Amino acid sequence: MRGFILAVAAGAIAFILMLQIVPESMIAFAGETPQLILLALFVGVVNALVKPIVNVLSMPISFLTLGISGFVINAALLLGIAYLAQNFAKLDLTIGGWPTSGMTADTILGAFVASMVLALITTVVGLVVRD
């Protein structure tokens with residue numbers, strides 16, 4: 001239980017830091033601090049629960065692509081989080097204008113850059129916050 005809480009907290013911290021680093025043209029959040037904390041906790045829960053399951057299911061593809069598919073999985077999870085935040089939680093999170101203005105090349109680029117930054121920050125935070 002303690003490990004799950006630490007994983008959620010590390011994912012939430014990494015998401016908040018990622019929003020500060022990545023330019024708003026790639027990923028933007030327009031909301032108040034309590035909404036940001038709620039969204040960060042949601043990202044932390046997705047990273048702690050859904051991501052390991054998806055990684056195990058995609059392991060054969062990861063072997064074939066030597067791990068590059070991990071960035072695709074992270075970007076897809078980030079796009080899914082943006083969709084759920086926009087449509088169900090009514091939080092204004094957009095990645096390259098998506099989901100409000102449709103899927104474009106900016107969306108894909110923004111999702112990949114944000115997923116790489118998020119993975120890097122999550123790794124560093126995970127090294128600092130040990131279980």
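Biologist: How many aromatic pairs does the count come to?

Modeller: Keep in mind that this is a predicted model. The count comes to two aromatic pairs.

Biologist: What describes a pair of aromatic rings?

Modeller: Two values do: the distance of the centres and the angle of the planes. Take Tyr 83 and Phe 88. Their centres are 6.5 Å apart, with 80° between the planes. Planes over 60 degrees apart count as edge-to-face, so this pair is edge-to-face.

Biologist: Which residues do the ring pairs link into a cluster?

Modeller: Tyr 83, Phe 88 and Trp 98.

Biologist: Is Phe 88 buried or exposed?

Modeller: Exposed means over 50% relative accessible area. Phe 88 has 61%, so it counts as exposed. Tyr 83 has 39% relative accessibility, so it is partly exposed.

Biologist: Now the helices. At what angle do the axes of H1 and H2 cross?

Modeller: At roughly 125°, and the axes come within 7 Å. H1 covers residues 2-21 and H2 covers residues 33-57. Angles of 65 to 115 degrees count as roughly perpendicular and those over 145 as roughly antiparallel. H1 and H2 are therefore oblique to each other.

Biologist: Is the crossing left-handed or right-handed?

Modeller: H1 passes H2 in a right-handed crossing.

Biologist: Which residues make the contact?

Modeller: On H1 they include Phe 4, Gly 11 and Phe 15. On H2, Leu 36, Gly 44 and Asn 47 are among them.

Biologist: How do the residues of this contact divide into nonpolar, polar and charged?

Modeller: In the contact of H1 with H2, 15 are nonpolar, three are polar and no residue is charged.

Technical notes
Residues numbered from 1 in each chain as written. Predicted model: local features only at pLDDT ≥ 70, side-chain atom pairs only at ≥ 80, totals over all residues. Heavy atoms only, no water. Phe/Tyr/Trp six-rings, centres within 6.5 Å; stacked < 30°, edge-to-face > 60°. Buried < 20%, exposed > 50% of the residue type's maximum accessible area, 1.4 Å probe, protein only. Axes fitted to C-alpha atoms, helices over the stretch in contact; angles between N-to-C directions. Helix = DSSP H or I, 4+ residues; strand = E, 2+ residues; numbered from the N terminus. Parallel < 35°, antiparallel > 145°, perpendicular 65-115°, else oblique. Left-handed = near helix turned anticlockwise from the far one by under 90°. Contact = heavy atoms within 4.5 Å. Nonpolar A, V, L, I, M, F, W, Y, C, P; charged D, E, K, R; others polar.
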